[in-house]
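Thanks for coming. I will keep this brief and go through one model on the screen.

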Amino acid sequence: MGMIFIVFAVIILFYINALTNSLCIQKEIPAERQPKVFRFINVMITILLVSSYVELLYT
């Protein structure tokens with residue numbers, strides 16, 4: 001179950017990064033701010049995935 005969740009999490013992270021890139025292009029976010037946007041979204045998604053994994057682990 002753990003390996004399936006990790007593969008699923010990696011796919012989600014790649015998909016979210018693609019969506020973030022589309023957001024940056026659509027909203028014309030300057031290139032110097034884009035790394036901050038990507039970092040913030042990746043940290044939030046990682047926290048969400050880790051908390052989901054912990055919840056599945058203990059239920």
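Tyr 53 has 32% relative accessibility, so Tyr 53 counts as partly exposed; buried means under 20% relative accessible area, exposed over 50%, and partly exposed in between, with a 1.4 Å probe and protein chains only. This is a predicted model, where local features need pLDDT of at least 70, side-chain atom pairs count only at pLDDT 80 or more, and totals for chains, interfaces and linings use all residues. Residues are numbered from 1 along each chain as its sequence is written, and side-chain values use heavy atoms, with hydrogens and water left out.

The structure holds 1 aromatic pair. The ring centres of Phe 5 and Tyr 53 are 5.3 Å apart and the planes are at 40 degrees, so the pair is tilted. For pairing, ring centres of Phe, Tyr and Trp (its six-membered ring) lie within 6.5 Å; planes under 30 degrees apart are stacked, over 60 edge-to-face, and the rest tilted. Phe 5 sits in helix 1 and Tyr 53 in helix 2, so the pair ties together parts 48 residues apart in sequence. Helices here are DSSP runs (H or I, at least four residues), numbered from the N terminus.

What about Phe 5: buried or exposed? At 13% relative accessibility, Phe 5 counts as buried. Ala 9, Ile 16, Thr 20 and Cys 24 are also buried in helix 1. The buried residues of helix 1 pack against helix 2 (34-57), with contact meaning heavy atoms within 4.5 Å.

Last, the end of the chain segment I wanted to show. Tyr 58 is in the segment after helix 2, and at 69% relative accessibility Tyr 58 counts as exposed.

Conventions
Helix = DSSP H or I, 4+ residues; strand = E, 2+ residues; numbered from the N terminus.
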